[in-house]
Each structure stands twice: as structure tokens, then as C-alpha cells.
2 protein chains.
Amino acid sequence: MKPWSGDGRPIFINEVGPRDGFQVESAFVPTDEKVGLINALSEAGLSKIEVTAFVSPKAIPALRDAEVVLNEIQRNPDVVYTALVPNVRGAERAIESRADELNLVMSASDSHNLSNLRMTREQSFSGLMQVAGVADASEVRVNISLSCAFGCPMEGDVPEDTVFHWCERFIEEAGANGVTLCDTTGMAYPSQVARMTEAFIARWPKTELTLHFHNTRGMGLANIIAAIDSGVTRFDASFGGLGGCPYAPGASGNVCTEEVVHALELMGYRTSINLDALMGVSRRLPSLVGHDLPSQLLKAGKRLDLHAPPPDFAEIRERALARNMPS
Amino acid sequence: MKPWSGDGRPIFINEVGPRDGFQVESAFVPTDEKVGLINALSEAGLSKIEVTAFVSPKAIPALRDAEVVLNEIQRNPDVVYTALVPNVRGAERAIESRADELNLVMSASDSHNLSNLRMTREQSFSGLMQVAGVADASEVRVNISLSCAFGCPMEGDVPEDTVFHWCERFIEEAGANGVTLCDTTGMAYPSQVARMTEAFIARWPKTELTLHFHNTRGMGLANIIAAIDSGVTRFDASFGGLGGCPYAPGASGNVCTEEVVHALELMGYRTSINLDALMGVSRRLPSLVGHDLPSQLLKAGKRLDLHAPPPDFAEIRERALARNMPS
């Protein structure tokens, strides 16, 4: 089956903006606004929402209200509420706040892992193992996100063997329920995505695989369709296209949720998301973060949001038709 | 064969920036700069360049130097130099200036044709017939571009029958050598593109088919790959992502040439374009047009343009490794 026509096939979107987007913003989005946005996202039909991160408030002050946000949102039973946790303390806080899933992160690239997490990959992995143990004891799901799975902005290509080495340890040693392959700085390209996701699914067909793309070089949607063509059904995306990476200057944000939904629904995929409601949520963002958003869809509108003809259109038509009359 | 891997298949890019891009700019790009840009594009390996438009200097003052530009550029025998002509007078001027091809334009949508060309579609077509006659007498190639082939910003969906009705008349009545289906305001989506281009190629396999996409809603590259998957090998693109449409406010420009080349070359398609040279040309544009460009690739660099690690990286690594030492 060609990937261009969705034929009603379901696609599940994980909205990462409240965590991955807000964490790089200099403005603090007020807690009640965060709660309101997440509630609206739940109503709009997102499958999963990465609500916040249980990190040190000193490291990421933008998410210092993690407990309050996770406790105050209205839980929709159809939505998985996930939270990023960097360590056992974070895991305990997230579980205490009734996160449905813990999202753990490390990088496939040594340089990126050291720069971002200040640990070697082995040190990060032993931390993940401890967190996975805590989650397991509380029967909370674990997803592990592998940054730089399609390339590192400092090292360049990351060998696929290295990527799969870490996936294997996530799944077979840490017992992860899901793995997210992250294109942290927009280096992924469609043939690479198709090849790697096919290999992943062949090897671990029962693991929930999510793909996380950035639109840094304009390849986000093409990468998503390449992944769908290889059997992937789960994608991260960020409302308004929020997000970025401090280690790759000029890198733009995550693929934009409303653009992904708009395109996939037009193609006949079923995201179960109310696009108008979602766009309404994203429209609240510029005033909260204090800047314009990368989302092109918010600027241009949906493909059938029509424009008025020029004000003198009736006159133009009349004059054109008059040329056909016998003089 | 899957479209994700190009396997050396050739793709031909028509650079439309010097015409389609510059015509909507308020700044006049000096003639010698235009000539220098077009010469550099020729050297970079573009297959075709839409050099200018032979229109009234009052209507489009930005292109008032059409003759001079077409006469002063260095002709590369591997490059087709095409020019937009709206009428017989324009055709005569373009032929006099040794254009290799005339590009004629009308719209599949009545409202858009009236708004843009101030004629009914029948009136436009009879004009095109006259121009095609002039071109034929001089043995100059004719390409006809059909605007709004994937939707009209004022009318919405344009029936595919209407699109093919005009294609039929272009090919069978006007004898066009090539047809360009234009997604003038970024309304095309991949399943639509796949369906329409397959139908076109099945019906007119000998006509040179070009696709013209805008990235207004983030679907540009996905549409290109969908078209490739249906057998299309020719695409319009604009350096820096210049371009726009006055009848669809908020609509961004054409797909960006350097982004298209970057993505397709990574996938293994052969565009025969020197990407570094092309990016060098695009980098000259902001100072000439007086604003930032939509091109994300110019901001972020190619996927393997690497970034330095943080300044304290050696220290971070040392501290991390020290944690492994017995204390």
C-alpha cells in the first residue's frame, strides 16, 4: 500500500510542546495557563501529552511547577499523560503526581550526552536502569527517548549499530514499554528513516516505537510519511512548532502538531484530533511565550480557509465579459 | 520501487526565483546583480532557469530589465533559459532576446484568472493560442503553467476534470511541449498530488510535466516525493524560498531550491546541482531583497555542518569520567 493515501489508518500523536517546547522558552508560562492548555489539548483528541519534566527547578525554571500542573489537569481516560524524568528523585515525584508514563532520555552520541546530561552514556544508562526499577515497582509505564538517533550536531552521523545497541539495552535490559527515536536537531532524512524504522520494527515488533522529528531542514513531514510507510504509527509533535536545541544554533523546533495533523488528515489518515480545536490552542501560544511561532499553518490557515477576491472583482469580471460582446 | 531511496534517479530542477521570486519583491534587484545570480545558478548546475518575464514594466517594475538580463547572461548549453510571456508582444520580445522557451500562464480557476490576469479563462486561452503560434513560427519551445491546479484560494477545490480539460487544450490545441501544474498557494497535499500526476502521465506520457509547489502549509517536500513516486522528474523551486501570492495573504513562498536539493540528494536522487554553490548564491539574496528568507537550510546549514561542543566540554567530560574512578 502506498503511503500517500491513509485509507483511515490510525496515527497517534504525542503532544510534546508543554515539556519540550516550554523548557526552552525564556518566558515562564503561568501554571494556570499550562493547565488550561493541556486540558484543551486533551479535549482536542491528542493520544498522549508530555505534560512536564520532573527536573531541578534550578536547571529548568520554566517547568518548576511540574507537580502542580500534573495534579491540576483534568484527566481524560483516552489520553496518556507522560512526564520526563531524569533520575530516581524525578521518577518518585512523577509517580506521586500520578503520571501515566515516565519518559527517560539519553543520547546515542557521547558528545551530546555529555553536553546535555553531563554524564557518559554508560552513566546515563545505569541511571535509567534505576528509574526503570522504580517505575516497575509502581507499575508505571516507561518510555525511553534516544536523542541524536539520526545524527549528532557535534559528531555527525551516529552509526546505526550504536543506535540499535542502545535500543536493545532499553528494551531487553531496562524493560522499556516504548522507545522514541529522536531526530534532535533535524538531521534525519527520509531514506535513513525508512531503513532504520524498518529494522527496528523487524527486530522489536512488540515495542511501542515513536518517532520524534524536528523540521530544521524542512524534512519533518517527509520523514513522518517515510516512517509511516515502514509501519510506524506514533509521532511526537509540538503545538505551534515550539522547541529547539541549544547545541545546534539555528535549529528550528519540533514538527508542528497542527501541520502534521492537517497534512495526515488530508491524506486520509485518522488522527482522531479536532484540528480546529488544536489550532485554537496553538493560537494562544504567541502571547504566552512572547514571540511568533514557526507554525506556517497558523499563518496561512487550512487549505480550504478561503480568501475574498480583490475588492474590484465584480468590475474586473464585467470588463472582461464586455470584451466578448459584439461592439 | 519505494520513493525514499533515489538510487541515482535523475531529478531536474527549474529555478524560478529570478522571475517568480523577484516579481513580488518591493526592492528592485539591480540588473547586474540579476545577471550575476543567474550566471552563478547556471554554474551551480540547475537544469532550467526562469530568467525573467516580458510583461509591462508598469505592471511589474521589478522585471523591467527583462531584455538586458536575458541578453547579458552567459549561456550554458546544459541549461534551458525560459521566460514568462503574457501575450504576443511579450513573446516577440522574449524570442528577440533568444529565450530557449516561453512559459505561458493561466489559471484553472475562473476567480483566480480574473483576479490575476483580468481575463476569463477562455480569453486567456485564446491569447495563449496566439503566443503558441508565434513560438511555433520561431521554433521556440512552449511550456504552459496552470495556476491553482490543486485548489484556488478564493474558490477552494478545483475539479480535477477542469484541470485536465485545460491540460488537454494546452497539449492538443496549443501544442505545448511542457505543462506545469502549479500549486499556487500551497493547497496541494500528497494523496491529491499522487492521484493527479499519475492520471496526467497515463494520459500524456510524452508531455514534459513539471510540478510547482509552495510550502505554505509545510507540505512542499512531501508533495514532491509523492509526485516522484508517480513518475514526475521535473520541479520548480525558488532559491531562498522566495515568492508568494498576493491573493492569499500569509502564503509563504515556493519550495526552497536548496532545501529540495539537500533532501533529494541525501535520499540518493541525482539533481546534478552543486549544493554548496547554490547555497552561496542564496546567501546573496537577503541583502538584495532587503529581508530574511524562508529558507531553513540557510539558517541551519546542511545536516553534516557540525557545531562545536560547549566551551567547557573537556571539563564536563573529565568530571563525568572521574565519577567512574574508585574514590
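The points below start with conventions and then go from the whole assembly to single residues.

1. Conventions. This is a predicted model, in which local features need pLDDT of at least 70 and side-chain atom pairs count only at pLDDT 80 or more, while totals for chains, interfaces and linings use all residues. Residues are numbered from 1 along each chain as its sequence is written, chains are lettered from A and ligands numbered from 1 in the order in which they are written, and side-chain values use heavy atoms, with hydrogens and water left out.

2. Symmetry. Chain A is superposed on chain B by a rotation of 180° with 0.0 Å of shift along its axis, at an RMSD of 0.0 Å (least squares on the C-alpha atoms of residues with pLDDT of at least 70 in both copies). This is the relation of a two-fold axis. In chain A, the C-alpha nearest the axis belongs to A:Ala222, 2.4 Å from it.

3. Interface extent. Contact (heavy atoms within 4.5 Å) involves 68 residues of chain A and 68 residues of chain B. The copies meet through the same surface, because 100% of the interface residues of chain A are also interface residues in chain B. The area buried between the chains is about 5400 Å², with 57% from carbon and sulfur atoms; buried area is the accessible area (1.4 Å probe) that two parts lose on being put together, summed over both. A:Trp4, A:Arg217 and A:Arg303 supply 16% of the area that chain A buries against chain B, more than any other three residues.

4. Interface pairs. Eight salt bridges cross between chain A and chain B, a salt bridge being a side-chain nitrogen of Lys or Arg within 4 Å of a carboxyl oxygen of Asp or Glu. One of them joins A:Arg118 to B:Asp312 (3.6 Å, N to O). B:Arg118 and A:Asp312 also form a salt bridge, at 3.6 Å. B:Arg118 lies in the loop between helix H5 (110-117) and helix H6 (121-137) of chain B, and A:Asp312 in the loop between H13 and H14 of chain A, so the pair joins two chains. Helices (H or I, at least four residues) and strands (E, at least two) are DSSP runs, numbered from the N terminus.

5. Buried positions. B:Leu102, in strand E4 (residues 101-107) of chain B, is buried at a relative accessible area of 0%. Buried means under 20% relative accessible area, exposed over 50%, and partly exposed in between (1.4 Å probe, protein chains only). Its C-alpha is 8.9 Å from that of B:Val131, 29 residues apart along the chain. A:Asn113, in helix H5 of chain A, is buried at 0% as well. Beyond four places in sequence, the contacts of A:Asn113 include A:Met106, A:Ser107 and A:Arg118.

6. Salt bridges within a chain. B:Arg141 pairs with B:Glu101, the closest N and O atoms being 3.3 Å apart. B:Arg141 is in strand E5 (residues 141-147) and B:Glu101 in strand E4 of chain B, so the pair ties together parts 40 residues apart in sequence. B:Arg141 is partly exposed at 29%, whereas B:Glu101 is buried at 1%. In chain A, a network of salt bridges links A:Lys48, A:Glu101, A:Arg141, A:Glu208 and A:Arg234.
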